[in-house]
Amino acid sequence: MAAEPLSDEALDDFLQDHQGWTMQDGMLHRELEFSDFAEAFGFMARIAVQAEKLNHHPEWSNVWNKVVIDLMTHDIGTLSELDIELATRIDQAARTTG
């Protein structure tokens, strides 16, 4: 089943309910800071497992204690429910890190 574009209403609801996420260049964007490299990298490893389960992978980068994440469903060229689901899992992991 192909991903369906996310409605503007669903996106607005997500952004209101999830602090730290913004829209940047048509993608959901979040920057996280951790205590050190090991904590940041461990967080990324946990998210990688979740991304594989969803078969939906983030664009991200890591420099020392910072992780920058951008989400978009490239197959359809816009946001979908997959992005919301992965962002929600990222939020859950961020709350339990540290």
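Some housekeeping before we start. Residues are numbered from 1 along each chain as its sequence is written, and side-chain values use heavy atoms, with hydrogens and water left out. Since the model is predicted, local features need pLDDT of at least 70 and side-chain atom pairs count only at pLDDT 80 or more, while totals for chains, interfaces and linings use all residues.

Let's begin with the core. By a nonpolar core I mean a set of buried Ala, Val, Leu, Ile, Met, Phe, Trp, Tyr and Cys residues joined through side-chain atoms within 4.5 Å. For burial, the terms are buried for under 20% relative accessible area, exposed for over 50%, and partly exposed in between, with a 1.4 Å probe and protein chains only. The largest such core has 25 residues, and the members that touch the most others are Trp21, Leu28, Phe43, Ile69, Leu71 and Ile90. Two or more residues come from each of α1 (8-17), β2, α2, β4 (66-71) and α3. Those labels are DSSP runs numbered from the N terminus, helices being H or I with at least four residues and strands E with at least two.

Let me pick out a few of these members. Leu71 lies in strand β4 and counts as buried because its relative accessibility is 1%. Leu71 is 56 residues from Leu15 in sequence, and their C-alpha atoms are 13 Å apart in space. Ile90 sits in helix α3, and at 0% relative accessibility Ile90 is buried. Between Ile90 and Arg30 there are 60 residues of sequence separation, yet 9.7 Å from C-alpha to C-alpha.

Phe43 brings us to the aromatics. Rings of Phe, Tyr and Trp (its six-membered ring) pair if their centres lie within 6.5 Å; planes under 30 degrees apart are stacked, over 60 edge-to-face, and the rest tilted. The structure holds 3 aromatic pairs. One of them joins Phe34 and Phe43 in a tilted arrangement, 4.9 Å centre to centre with 35 degrees between the planes. Phe34 is buried at 8% relative accessibility, and Phe43 is buried at 0%.

Now to the charged side chains. What does a search of the whole structure find in the way of salt bridges? It finds 2, where a salt bridge is a side-chain nitrogen of Lys or Arg within 4 Å of a carboxyl oxygen of Asp or Glu. One is between Arg30 and Asp91, at 2.5 Å from N to O. Arg30 is in strand β2 and Asp91 in helix α3 (residues 81-96), so this pair ties together parts 61 residues apart in sequence. Arg30 and Asp91 are both buried, with Asp91 at 6% relative accessibility. Asp91 also has its C-alpha atom 7.9 Å from that of His18, 73 residues away along the chain.

The side chains of Arg89 and Glu85 form a salt bridge too, at 2.8 Å from N to O. Both residues belong to helix α3, 4 residues apart, or about one turn of the helix. Glu85 is partly exposed, at 33% relative accessibility.

On to the loops, and some backbone angles. Asp25 has a phi near 55 degrees, a positive value in a residue other than glycine. Asp25 lies in the loop between β1 (22-24) and β2 (27-33), and is exposed with a relative accessible area of 70%. Gly26 is in the loop between β1 and β2 as well, partly exposed at 41%. The C-alpha atoms of Gly26 and Gly77 are 9.1 Å apart, across 51 residues of chain.

Asn55 also has a positive phi, near 55 degrees. Asn55 is placed in the loop between α2 (37-54) and β3 (59-63) and is exposed at 61% relative accessibility.

Which residues line the largest pocket? They are Ala2, Ala3, Asn55, His56, His57, Met72, Thr73, His74, Asp75 and Leu82. By class, the lining divides into 4 nonpolar, 5 polar and 1 charged, taking Ala, Val, Leu, Ile, Met, Phe, Trp, Tyr, Cys and Pro as nonpolar, Asp, Glu, Lys and Arg as charged, and the others, Gly among them, as polar. The volume of this pocket is about 160 Å³. A pocket here is an open set of points on a 1 Å grid over the protein atoms alone, where a 1.4 Å probe fits, with protein on both sides within 12 Å along at least five of seven lines; lining residues have an atom within 4 Å of a point. Points are joined across faces, edges and corners, and the volume is the space filled by probe spheres set on them.
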